[in-house]
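The following exercises concern the protein chain shown below. Each task is followed by a solution in steps.

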Amino acid sequence: AQNLPNSDWEKKVTDYFREKLKENNATNWVPSLNDVPVHYLKPNSLVKFRCMVQDMFDPEFYMGVYETVDPNTNARVLHFGKYRDVAECGPQQEIDLNSSQTVTLERQTFYCVPVPGESAWVKEISFFASQARVSPSTSYTPSRHKRSYEEDEDMELHPSKQKEQHIGSGGDIHGCGEPKRLETEASAGHHLISPNCSPPLDLNFPLPGEKGPACLVKVYESWDSYKVNDVLEVYGILSVDPVLSIVNNEERDNSTLDPMECMDTAEEQRVHSPPASLVPRIHVILAQKLQHINPLLPACLNEEESKTFVSNFMSELSPVRAELLGFLTHAFLGDSLAAEYLILHLISTVYARRDVLPLGKFTVNLSGCPRNSIFTEHIYRIIQQLVPASYRLQMTIENMNHSRFIPHKDYTANRLVSGVLQLASNTSLVVDETQLEQGQLDTTGVHNVKALGNLITWQKVDYDFSYHQMEFPCNINVLITSEGRSLLPSDCQVHLQPQIIPPNMEEYMNSLLTAVLPSVLNKFRIYLSLLRLLDYSISDEVTKAVEEDFVEMRKNDPESITADDLHRTLLVARFLSLSAGQTTLSRERWLRAKQLEALRKARLQQQKCVNGNEL
């Protein structure tokens, strides 16, 4: 208000908030939409949201500066429209649309969802770190207490909400976040369609059963630097004005919409202007891309304070690695080789691309898993406890034929309809092939298997835009559990050799998780997230030694040693070095990598002899 139009007040706003958020853990005092139900938050207050960009809508124009006029006194007042959805206008004022002072500006809208497959521990740690204790807002009535068309729509879409609100209402607001958070979480399934109502709004979460708010995030600057599937933390102004909820034809017909806007289809209007109680708007003041979503690590590792954290943790790395190896060996029923390879798999990441080839991907096929057993489910539960985001894909004929894996463009609603493979970078995808029964894959099933194969081999998903396909590169760790060799491609097959067979698998696996101290579990989590972010190099000297060694190996065994073996052994050596906190390859690590590979191959050979044509 104090600045004239076109001055640099906008930069002052972002600078002010940037500085304020650096002070005394200020970020923890900003309420997060990931933790706090929308109806507990004050409209037009500062909030934050950790999310993935699921879709990008077309840019929209808004009145950056506009003038209101009082018809009685002819007094004119200038207002600004940034960070708002609805123009501010007093009871005796009208907007002068023909004013020479009006400035039209542009902003970009992203449709954002919580990070798909985010682990419960990430949510819990983030919730308990937050100092923002919010009680229901007293400045306005929570939307669920006023029976507006907005709330009817909301309840209609999510009958589960009504149940959840009764469950949640007994809890203490200041207590644990989990039951409270359920109150406004819109689940991705269960729609109730009553006659005379528009069909339910699909919140477009990539994974089935996901919960959490979806948001329309309005970005005012540098929007070209963001892409679909980026993970962001945004700080901005919450907008939940009921006026925004133009949801069905009646409202559209009765409203005085701009003739240009009426060119949108009813479906597009519904998707792009959902009820604000269901899909709140955030007007971004600050946004940052996240390298990772592990709340136990500093968000940016390049800052000075973060370097101290990293060097302190690196100094106690070897006992953490030894404990993690022991823990995973127990999980794999005494098989330490499989545990060693799982550690390497969990810290692997695509570090570069050469032409179309993704370097650093390390898909492991864990074969020899008992069929239809709860073993694979428990292995996934353990991985879930270690990594920030994961998903278990049960490879049944039913799932393959009926699930939507590949996102596709819906031109009627003008949006990208999500699919299971629309995941954030560094997500762990566990494909459980032990569930596979005999049966026939239909066209969808064949497409889905092909898409999985492409994801594993090329680390990309081809989104379907009807008239063409668009390549979206990704960085997803795929672990395949199977009985025999997997139908899907993999970089490395490890055959499980259990040393113990517990009489009660359920009890054994549960006791394994309860026996680990939370502080130790947190060290494992830091260890796996941190090592993925380290740089790595091989000196010329070691490169030369590796080349000579490989030539020697080829001489001794020209039949079975191939270029693929060299590539795989170099990958194993890379992740072995990083797992020990070393960012360069040493002679010892190279020899250890060769030894591990020899043991792994010997096992496969042994399995081949036992099962004849098994492999």
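The chain has 18 helices and 19 strands, where helices (H or I, at least four residues) and strands (E, at least two) are DSSP runs numbered from the N terminus. This is a predicted model, in which local features need pLDDT of at least 70, side-chain atom pairs count only at pLDDT 80 or more, and totals for chains, interfaces and linings use all residues. Residues are numbered from 1 along each chain as its sequence is written, and side-chain values use heavy atoms, with hydrogens and water left out.

**Exercise 1. Confidence**

Determine the mean pLDDT of the chain and what share of its residues reach 70 or more.

Solution. Note that pLDDT is the predictor's confidence in each residue, from 0 to 100. The mean for the chain is 84, and 83% of its residues reach 70 or more. Over residues 138-196 the pLDDT is below 50, and this stretch has 113 contacts in the model beyond near neighbours in sequence; contact means heavy atoms within 4.5 Å.

**Exercise 2. The largest nonpolar core**

Identify the residues that touch the most other members of the largest nonpolar core.

Solution. Begin with the terms: such a core is a set of buried Ala, Val, Leu, Ile, Met, Phe, Trp, Tyr and Cys residues joined through side-chain atoms within 4.5 Å. Buried means under 20% relative accessible area, exposed over 50%, and partly exposed in between (1.4 Å probe, protein chains only). The core holds 66 residues, of which Phe 327 and Leu 386 touch the most other members. At least three residues come from each of domain 2 (304-521) and domain 3 (535-614), with bounds from an automatic or database domain assignment. Next, list the partners of Phe 327: leaving aside neighbours within four places in sequence, they are Ile 382, Leu 386, Leu 512, Leu 513, Val 516 and Phe 524.
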